[in-house]
Amino acid sequence: MQNLSTRHLLGIKDLTENDIQLILETADNFKEIINRPIKKVPSLRDVTIANIFFENSTRTKLSFELAQKRLSADIINFAASSSSVSKGETLIDTVNNILAMKVDMIVMRHPYPGAGIFLSKHINAQIVNAGDGAHEHPTQALLDAFSIRQKYGDVAGKKVVIVGDILHSRVALSNILCLQKLGAEVMVCGPTTLMPRYIKDLGVKVEHNLLKALNWCDVANMLRIQLERFDIKYFPSIREYSMMYGLNKQILDSLDKEIIVMHPGPINRGVEITSDVADSKQSVILEQVENGVAVRMAVMYLLASQNQVG
Amino acid sequence: MLHKQLLSSPKFELTIKRLCYQLIENHNDFSDSVIIGLQPRGIYLASCIQKELQNILPKSTINCGFLDITFFRDDFRRRESPLVPNSTRIDFIIEGKNVIIVDDVLFTGRTIRSGMDAMLAYGRPKTVELLVLVDRRFSREIPIEPDYIGMQVDSIASQNVRVSWKESEGENKVELITNK
């Protein structure tokens, strides 16, 4: 079995198709393990991991933490809001102080794009990017690909539409890169104001009509409107956005095929997706959460295996 | 590389049959006993034993599962390449059962130790026994000994013992391989 071609997981951009397949195949094994009566394996018992979150998170943080515990790693948690960062400490100083406590791996979420890449050039530990600004969120893309593969058997040849706030979304970029590397066709759909200017250069289709996009796809990945990243008003009102780009049961039932609906969370019910769709049998939102633990276990297992003891 | 055949086809099948009768002596109709083959190579022997036992005891149900031990191994981060995981398939409960762990070759004993750790995730068995087709004597690194042995082989660490199976390699045989 080959190793991952990279020492860190900074973004899907750095991964090869083989790397992604290796992660997904390893995640299959971990998925079986987390459904056992005893869900813990001792693989990472001599590895210490620090979870550093400079931005709020529920799912990703819990998912990483649980994955680390299931692998028997020692973990420390760090939230920027309650730390010396507010006293003016720099990112490198903060991380170097954590590393001085003999930490092997850093899982980091940061509001600035490229924070993980910057850190990887200055410190010695392995880094897993848990989201850097509007840049990448690689483990989310991997778990989305895993969920599609679980439903359809393969990602190659599938048509996936990503709907919503593409401009501010790190999930969108990572998903586009990951799905394309696995051979899927990707379309983005949303208001013109929420489309990055050069999005077509990534080789994706662009559509502004939700119904047309849904009629084309096998999978719809609905994104949240990231109001916290809005510096100006990108559309007149949430209500109008919801009427144009919100997925409801009526639209879903009007399609001539059964598509699956995904959402990286957190959901704004009634905005990008209605409750009856989010809770329908076509929705795989909670399966995505379950798969997230298995995929993150696989990522950390494969990264840790590159570091020899002694 | 020097290949020396230790066990060839007719004797190989006879050995399997003998192991089955030895198992029946201790486990009667297998109502409270289960077989667990260790991935990747122990599953062939486990399936073979299950098939043979089913022939001998047509009225019994012989439960046989496959267990992957990758994540329980003690050489993680101590080898060049990552360990390859395999699938686990155990569709029965081992709580309170007599478990027979099955592997093709017993060498250092470390795989079996990992296997026992991995197995405990499925419950607490009443007893655990070990069946191996080939016991490489005098090479143990931890105190583990088999209860049922197909054959014993005296070999040195640099040699290899390879068991081939009809299902995967086209022929049932055991070979001793010496690297020149």
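Mentor: Let us begin with the face of helix 1 of chain B that is turned away from its buried side; this face carries the exposed residues Pro10(B), Leu14(B), Arg18(B), Tyr21(B) and Glu25(B). The model is a predicted one, in which local features need pLDDT of at least 70, side-chain atom pairs count only at pLDDT 80 or more, and totals for chains, interfaces and linings use all residues. Residues are numbered from 1 along each chain as its sequence is written, while chains are lettered from A and ligands numbered from 1 in the order in which they are written.

Trainee: What makes a residue exposed or buried?

Mentor: A residue is buried if 20 or more other C-beta atoms, placed from the backbone, lie within 10 Å of its own, exposed if 12 or fewer do, and partly exposed in between. In helix 1 of chain B, the buried residues are Phe12(B), Leu19(B), Cys20(B), Leu23(B) and His27(B).

Trainee: Why are the buried residues of helix 1 of chain B said to line one face?

Mentor: Seen down the helix axis, the buried residues of helix 1 of chain B fall within an arc of 100°, so they line one face. The arc is that of the directions from the helix axis to the C-beta atoms.

Trainee: What makes the span of helix 1 of chain B close to the expected one?

Mentor: The expected span is 1.5 Å times one less than the number of residues. Helix 1 of chain B (residues 9-27) has 19 residues and reaches 27 Å from its first C-alpha to its last, close to the 27 Å expected. Helices (H or I, at least four residues) and strands (E, at least two) are DSSP runs, numbered from the N terminus.

Trainee: Why is chain A called as compact as a globular protein of its length?

Mentor: Chain A has 11 helices and nine strands. Its radius of gyration is 19 Å, close to the 19 Å that the globule rule gives for 310 residues, so chain A is as compact as a globular protein of that length. The radius is taken over C-alpha atoms, and the rule is 2.2 Å times the number of residues to the power 0.38.

Trainee: How do you know that strand 5 of chain A is mostly covered, and with which strand does it pair?

Mentor: Four of the five residues of strand 5 (residues 159-163) of chain A are buried. Strands pair if DSSP finds at least two bridges between them; strand 5 and strand 6 (residues 185-189) of chain A pair in the parallel sense over five bridges. Val163(A) has Cys189(A) as its bridge partner in strand 6.
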